[in-house]
Each structure stands twice: as C-alpha cells, then as structure tokens.
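Hi,

I am handing over the structure we spoke about. Please have a look at it first; my notes follow below.

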Number of protein chains: 2
Amino acid sequence: MRKTILTLFAAFSAVAFCMAQQSLSGGSQIMSPEIHPDNTVTFRFQAPKAIRVQVTGDFLPPSKIEIPNYGTFEMPGMADLQEGAGGIWEFKTGVLESELYNYSFIVDGLSVKDPNNAYIQRDISNLMNYFIIPGERADNYQVKDVPHGTVSRVWYHSDVLGKDRRMAVYTPAGYETSGKKYPVLYLLHGMGGDEEAWLCTGRAAQILDNLIASGKATPMIVVMTNGNTLHQSAPGESGEGMYKPYNCGSFDTSFEAHFKDVISFVDNRYRTIRKQSGRAIAGLSMGGGHSYNISLNYPKTFDYVGLFSAGLNIVRDNGMGQIAPEMYENLDSKIDRLFKNGISLYYIAIGESDFLYDSNKELREKLDAKGYPYTYLETPGGHIWRNWRIYLEDFAQRIFK
Amino acid sequence: MRKTILTLFAAFSAVAFCMAQQSLSGGSQIMSPEIHPDNTVTFRFQAPKAIRVQVTGDFLPPSKIEIPNYGTFEMPGMADLQEGAGGIWEFKTGVLESELYNYSFIVDGLSVKDPNNAYIQRDISNLMNYFIIPGERADNYQVKDVPHGTVSRVWYHSDVLGKDRRMAVYTPAGYETSGKKYPVLYLLHGMGGDEEAWLCTGRAAQILDNLIASGKATPMIVVMTNGNTLHQSAPGESGEGMYKPYNCGSFDTSFEAHFKDVISFVDNRYRTIRKQSGRAIAGLSMGGGHSYNISLNYPKTFDYVGLFSAGLNIVRDNGMGQIAPEMYENLDSKIDRLFKNGISLYYIAIGESDFLYDSNKELREKLDAKGYPYTYLETPGGHIWRNWRIYLEDFAQRIFK
C-alpha cells in the first residue's frame, strides 16, 4: 500500500504541476538562471507561442530616460532572448561581478516571473526574481553557517496614529539567553516599500548575521517599521482588507510624529540601551528623509544617523493633514542643535547617478559651510537596492563602537 | 525646492512603473479583482497582444482529470476572459461564498500574476494571487482589530540532522509580558511547502489571533517547522545557496527522527507546558503523515493529534537513507500503545473527493475495529488549502481545554 500511495502523490503532483504550465518541482526541467563557473549567466524561458521574450534586470546596463524639465532617469536595461528548440528562449550575459541581481521576463509586453526560480523579491509592489553571483560582495547577502538572529513580526500601538501597526524586529544571535542590553538601529524603507522591504530585498538579517559573526559589527537590535502611516502593515497583514498600496509613503509629518510610539514600544519590549549612545537611525530614499527629520526633531535621541539616497525636504498631504507641522519647520536651526548637542556619526551615502544627488549635495554644502562633520560615501549607479545594501553594510560597521 | 523634489519622485516613480508595464502604484488604474457588493467578482487583465487570457483558481468548479490506473484527480477550474476596449480582458464570476480564494491568469499558456493585486501566496513553489469574499468564514482569515500574536523566524540546531534549521513560531498576544507557561501546537506543512506555508497560505496567525481573542481557543504557541530535511529552510533563507526545491518532502524517517531536537529546542527557548497535556501535533498531507508517525513514535508526548488530509504510510528515499527505520515499523502495535497510554483527541479530517480518501478510510476502519475513539470531519472538495484552514480552525478550538 505504501508504494501505491506514494505513486498517487506523484501522480497528483505531476498533474498539478502540469496544470501550472511550468514549475519548479516537476514539468520541464529547465535550468534558469544557470550561473556558469565563469560568472556568466544563462536565462531560459519556455514560451512556444511568444513573439518576443525579453529580460530586464539590474545586471544589464541601465537605460537612460529623459523627462523634459526633470532630467535623466536610469531604468533597468533590457535584453532579448533568442528562441531555440522546444520554444525555449535563451539569453546569456557577459561576466558579472559578485552581486545580488534581480530580473523579470517580459513576454510580449507582459511582466512574467521565472517559473524555474523560487527566489522572489518584492519592491515598490513589483515582484522580481533574483540570483546571486558568489564572491566577496554577495557572500555577505547569503545565509552562512554562522549563528543566526531571530526575526519577528510584532504589533505595537501608536497613540499618535490611533491604531495598531506592525514592525519587523531583528534580534541578534544570543539575545534570548544573554541577559544583556543591546543598542538599536531603526532602519527605514523607501516609498512603496513596507516593513518587509529591508528583510526581503535588503537582506538585512543576512548582512547583520554575517557582520556580527565576523566581529565587524556590534551585536544590535534592528527595528524595521512601516513608513506608510495610512496603513497598518504590508499587504495581507493588515486589518484594512484588500487595500491596494496606492498613495503609499508618508511625507506629512505623521510618520515622524508617531516615531515616539515606536521608540517607547521597543524600549519597553526589548532589552535595549535606552540612551542616545544606544540608538541609530537610518533609512533609504523616503526613509532617509524620515531619518533626517526624526534625528532633527528628537534631540539627544540618536547618536548615529544614516541617510541612504535620502529624499530630503519632501512634503505631501496624504489626506490626514500635518499632525505635527512644526516637525518640517526650522530645520536649519535644528541642524545646528543636532551638531551642537553632539552626534557620533552623521552619514550620507548616494549613487553618483541618483536623481536625488543634487538635493543631497545641497545638504553636504550646508554642513560644509558650517563645519559640521559627516561621513560621505558615493557609489556608482543610481537609486537602486544594490547601493542600499552596500550602505547598510558600511553603516552597520561604523555604529555602536 | 520641496515641491520640485516631490515631483522628481513622482516622475521617477511614473517611469519605473511604466517600465513595469502595469502596476499597483501607477500606470493604468485597472481594478482587479473587483469584489462587488453581491459577492460576484470581476477579474481584469490588460494584454492587448494576447490571443487568449484565462483565469484559474479554486473559486471555479474543479476540472476532473483521469489518470489510468490511479483514478480521478481534481484540479482548479479555468475560465476564459473576454477582450474589451483597450486590450483589457474581463471575466465575471457568479456569486461566491465567503472564502479566501486564489487564482492566476494564464496568458497564451503562460502563468502570469495579476499586476493589480499585491496579495500573493506561495504554495508548492507556485505563486498565486488571492482575494477574500467577506463573511462568516473568511472573516476568520482577516487581520481584525484584536490583540495580535508575534510571529518569529527562529533557528535551531538539529543534532540528528547535523545542521541548523529554521522554524516559524507564533506566540499569542500577551506572551511577552504574562510570565505564564503555554501549551504548544506543532503544525506541519505538506509536500512542497516549507516553514512559511501555514502562515502564508494557511493564515495560521490570523486564525489563532481571532480564535484566541474571541475565547474560542486557548492561548497557545504554534511551532511551524520545515518538513524537507534535505533543506534548512524556505528558498532564499538557506545556506544552500540558490537550490531549487526539487525532491522536497521527507518520507525517509529523517523528519520524524529529528523531531526530538525540535521539541527540546522549543521547550528550552519558550515558556511551555512541558508535558503531554501541553502538546498537540497536526499537519496537512505529508505533514499529516509526519504527525501520524511522530505521535506513534513519541509515546506520551502529545495529547492531541490532528491528521488533515494525511498522507499515511509513505516511504521514499531522499538520498539520506532511513536514519531511524524502526519509526516506520510496527505501526499497528504503536497505535495500540497510543490509545492504551491515553490521548485526549485523535482527529481525522479529509475532503470527500481527496485522492487520499481511501487510505484515511482504512485508518478509520482500523480504529473502529479496535474501538479506539477519534473525531472525524469530512468536508466537500479535495486536497486543497481551503479545507486545511477549516481543519485548523476546528482543531484549534478542540485542544488544550
């Protein structure tokens, strides 16, 4: 009987997978992406009826798009796959540097995930496959044989917003048993992301695990909030039902104003070092703007501030009104206060072709004029996750030392 | 300057979203799925170049597939969308009962996610969109305004398997501050799933939050392991690199043999009730088989056993060999031992058209012949998640009382 049921299982699976057209666990055994020993990569996609199959991803040279009055924007490049036997299309890259890359197929104009790759990231509401070219850079994004921290999704109440919200919290390996107190890095996502973004696309847990295990970073708690105050949480984890993430992003003081609820919750729930020297705040894009505003409006709270491709000085009404308009006012004098109070690290990082380059340059010039010290990192490329992972890895090694 | 940068953001976003063809946050404002007040649903998909667009999902009557020598299998049904203006295809369902349904589009034979729906589930390595028809049934799968438990991804070491592995753990609201000890439900997934399956497709956290808040279930810890002993964890969260989840599922005694490491870790890490009355084990499909074997081979360990569409008496060599062959032997006498030792609930549930129906019927007949008491639930439909959510909700109300 055992054999029969197992065969039934196999038959059921085969039918299920056949119905799903292509699949990881059965059906056609296509290898995609295939990473060759020389770090070239072959993409394959079976689509006998397709007229055109393309791949788009951050491993291709970006295409530049000119928008009148606004300037030049970089977008992921595209390449054509060539059709071969059996309706299997192929594209082979050149030699790629070690990195975590993402991609999607475009089949006759439609974005399609690679059915042969289970590795998926979500960013700005889009799904993308990803792959890793091993080596010095991307090894830091891999799960290695080191002690792993725990990642929790936790609910907190915000009095300011009048609702429960969800955050992701990384506690370093050993937290549960050490009895020690830990410093906290508040790590904020960009517009369109949510409390999952730094974990999924940012590989924050892997980066922290590896840095801590090698002694390059101090063991720390990392708190990843949801920066869209209209929402409680990531899609599917919210009481709002099947909302679409339209109008996400908060540039209306509400995120900044509610941040005291976040700090208070974290200091009560976790064994934290509850003073300035035990707190860092950093964020990418919108989250860089949030970090900028919060560090200026919460004096003597953070000893380390990281602005990653930061969207600075942005105001938008999300329909809630500005619940703390003073938070976006008198920022120049608050900068003076910040540096007068003393801060161990003010960190600005941006890609050389980022569309936010100029506004970050203005901030640097302002700091230079006043003689306020900061650390600056400029990297190739634009407003992309590749850079934000690099900035996190660099920033995390510089704090709580 | 503020306004300019915000507009730059908007321009960047517009370009990014345009490149992604269709999108949630920009581009064409297509509503899909649109759930009408009468609980009919309209699906929409923009594909001007497509020849045929279909939708497949569990809200359609299943199609039956005959496999010679094996019998009839049920697969999700399919329906054709009709092309309208602007290359927007549409399909409208009949009135649907309250439920959480999943679906995918099939565009000229290729499985494509709905770009207008951020709600995604992964099952057996396939991605599917989902939607909820509100009402008595599906309200239990929603995030409600009740206290929420914490869900953690935690790493444990298995001496038996010689590696670190990842599990998901639900701790009920109040766990962090109550100081109390809690009972533990070990909840196991099916073949092709992983430690994320019960949380994502199974909505376990929402089901438990809602049952506990309404007093229908006792506050409990829920431990969700990874049943594929070849792997450490879900794709992307493993040290194995970019493995494909081929050959997943463990029917070789290794999962059962390593389960003592799971129990030991959980009892050491969490405030648990460390005795038989404080432990339940349940699983679906392969996980039902695991629950069956583990409850038989760990005497006086579990007081509640749930077999959900269980795959019973399955043996397969995954290449590791049987590390504890005795675990799959003498099961009839171990059944005698289980009921002689005493157990508070032995629970069997299955769909009336499940392909595993007969083997579960054989087990029931065996128990009947010996006069061993058990609770039996039979529901419409086959080997599908809809049933497993129903079984979890029913089972969770019957344990630890």
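**S18 and its neighbours in chain A**

Strand S18(A) pairs with strand S19 (residues 345-351) of chain A in the parallel sense, over five bridges. Keep in mind that this is a predicted model. Across that pairing, A:Leu307 has A:Ile348 in S19(A) as its bridge partner.

Strand S17 (residues 279-284) of chain A runs parallel to S18(A), and five bridges join the two. Here A:Ile281 stands opposite A:Val305 of S18(A).

How enclosed is S18(A) by the rest of the structure? Largely, because five of the five residues of this strand (residues 304-308) are buried. The cut-off matters here: a residue is called buried if 20 or more other C-beta atoms lie within 10 Å of its own. The side chains split by direction. A:Tyr304, A:Gly306 and A:Phe308 point one way from S18(A). A:Val305 and A:Leu307 point the other way. All of these residues are buried. So A:Leu307, the partner of A:Ile348, and A:Val305, opposite A:Ile281, are on one side of the strand, and that strand is largely enclosed by the rest of the structure.

**Chain A as a whole**

Chain A has nine helices and 20 strands. Buried residues make up 50% of its 401 residues. The C-alpha trace spans about 70 × 60 × 45 Å along its principal axes. Does the radius of gyration agree with a compact globule, or disagree? It agrees: a compact globule of 401 residues would have a value near 21 Å, and chain A has 23 Å.

**A sheet in chain B**

Chain B has an open sheet of four strands, in the order S1-S2-S8-S7, with antiparallel pairing. Its edge strands are S1 (34-35) and S7 (82-83) of chain B, each pairing on one side only. Inside the sheet, strand S2 (residues 41-46) of chain B runs antiparallel to strand S8 (residues 88-92) of chain B, joined by five bridges. One of the bridge pairs is B:Gln46 with B:Ile88 in S8(B).

Best regards

Note on methods. Residues are numbered from 1 along each chain as its sequence is written. Chains are lettered from A and ligands numbered from 1 in the order in which they are written. This is a predicted model: local features need pLDDT of at least 70, side-chain atom pairs count only at pLDDT 80 or more; totals for chains, interfaces and linings use all residues. A residue is buried if 20 or more other C-beta atoms lie within 10 Å of its own, exposed if 12 or fewer, and partly exposed in between; C-beta atoms are placed from the backbone. Two strands pair if DSSP finds at least two bridges between them. The radius of gyration is taken over C-alpha atoms; the globule rule is 2.2 Å times the number of residues to the power 0.38.
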